[in-house]
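Trainee: I would like to learn how to read a protein model step by step, starting with strands and ending with single residues. Could we go through one together?

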Amino acid sequence: VTFTAAAAGSSGVNGTTPTLRWSRNGAVLTDGLQSDGSTVAGATTGTLTITNVRVTAAGSYACTASQTLDGYASGSAAFAADGLPVSATTAAAVLTINSVSASISLSGLDCTYNGAPHAPVVTTSPVGLSAALTYNGSPNIPVNAGTYAVVATISDPNYHGSTTGTLVIAPNATATITLDGLNVTYDGKPHGAVVTTNPAGMGTL
């Protein structure tokens, strides 16, 4: 993206020429790599160039020309070269940047219950975009066996896209139960066996 502005002429006995400075939304711009990954060049010239433009670069751009004029110092009753600063700012040029469509897909949607959370594998193009997932409307990754409607939405401000899928966590057909504490001595109190399951924490009767 390129913006251009011009300020012509010189003034005073020193022939001072105007200086230029670009701003976005009232904030002065500086050359170099910006925090959003874009690069600014020409922030103090008549041509402002922004490369690798991101959505965060949208806004109102303006160029201010500053100049110093010769003046008269009333206190000392003396001529003052370059003693009167003046400036003029261009009308704002509004830059609107829309996010770009990106693709997103889900894999690893079929798994078996093992007591751990199961989330699908998310693939985006461009690679590595962040995404937010919900499971039956909840952001919590499922643990228990069941069927879950998955919605994946790209959350990068520079891209948009979404997809859906169905996550199926099948019951684990094989689970083990171990009983301990089966040999006790009568003391008139109730005695129960110690139950251990694998996967851990399963309910038993």
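Trainee: Which residue is the bridge partner of G32 in β5?

Mentor: Keep in mind from the start that this model is predicted. To read a strand pair, look for the residues that face each other across it; here G32 has V40 in β5 as its bridge partner. β4 and β5 pair in the antiparallel sense, and two bridges join them.

Trainee: Which order do the strands of the open sheet have?

Mentor: The order of a sheet is read from one side to the other, and in this open sheet of four strands it is β1-β6-β5-β4, with antiparallel pairing. The edge strands, β1 (2-4) and β4, each pair on one side only.

Trainee: Which side chains make polar contacts with the side chain of D36?

Mentor: The side chain of D36 is joined to that of S38 by a polar contact of 2.7 Å, and to that of T56 by one of 2.6 Å. Setting aside residues up to four places away in sequence, D36 touches R54, T56 and A57.

Trainee: Which residues have the most contacts inside the largest nonpolar core?

Mentor: For a core, ask how many residues it has and which elements supply them. The largest nonpolar core here has 15 residues, and those with the most contacts inside it are L106, L133, Y135, V150, L167 and I169. The elements giving two or more residues to this core are β11 (103-107), β14 (131-135), β15 (146-154) and β17 (162-170), and the largest share, four residues, comes from β15. Apart from its neighbours within four places in sequence, Y135 is in contact with several residues, including A119, P142, Y148 and L167. There is also a second, separate core of 14 residues, with A43, L48, C63 and L95 among them.

Trainee: Why does P199 count as buried?

Mentor: P199 counts as buried because its relative accessible area is 10%, and the cut-off is under 20%. P199 lies in the segment after β19 (194-198). Leaving out residues up to four places away in sequence, P199 touches Y113, N114, N172 and A175. The C-alpha atoms of P199 and A175 are separated by 6.6 Å, although the two residues are 24 residues apart along the chain.

Definitions and conventions: Residues are numbered from 1 along each chain as its sequence is written. This is a predicted model: local features need pLDDT of at least 70, side-chain atom pairs count only at pLDDT 80 or more; totals for chains, interfaces and linings use all residues. Side-chain values use heavy atoms; hydrogens and water are left out. A polar contact is a pair of N or O atoms within 3.5 Å; within protein, one must be able to donate a hydrogen and the other to accept it, and residues adjacent in sequence count only if both atoms are side-chain atoms. Contact means heavy atoms within 4.5 Å. Buried means under 20% relative accessible area, exposed over 50%, partly exposed in between (1.4 Å probe, protein chains only). A nonpolar core is a set of buried Ala, Val, Leu, Ile, Met, Phe, Trp, Tyr and Cys residues joined through side-chain atoms within 4.5 Å. Two strands pair if DSSP finds at least two bridges between them.
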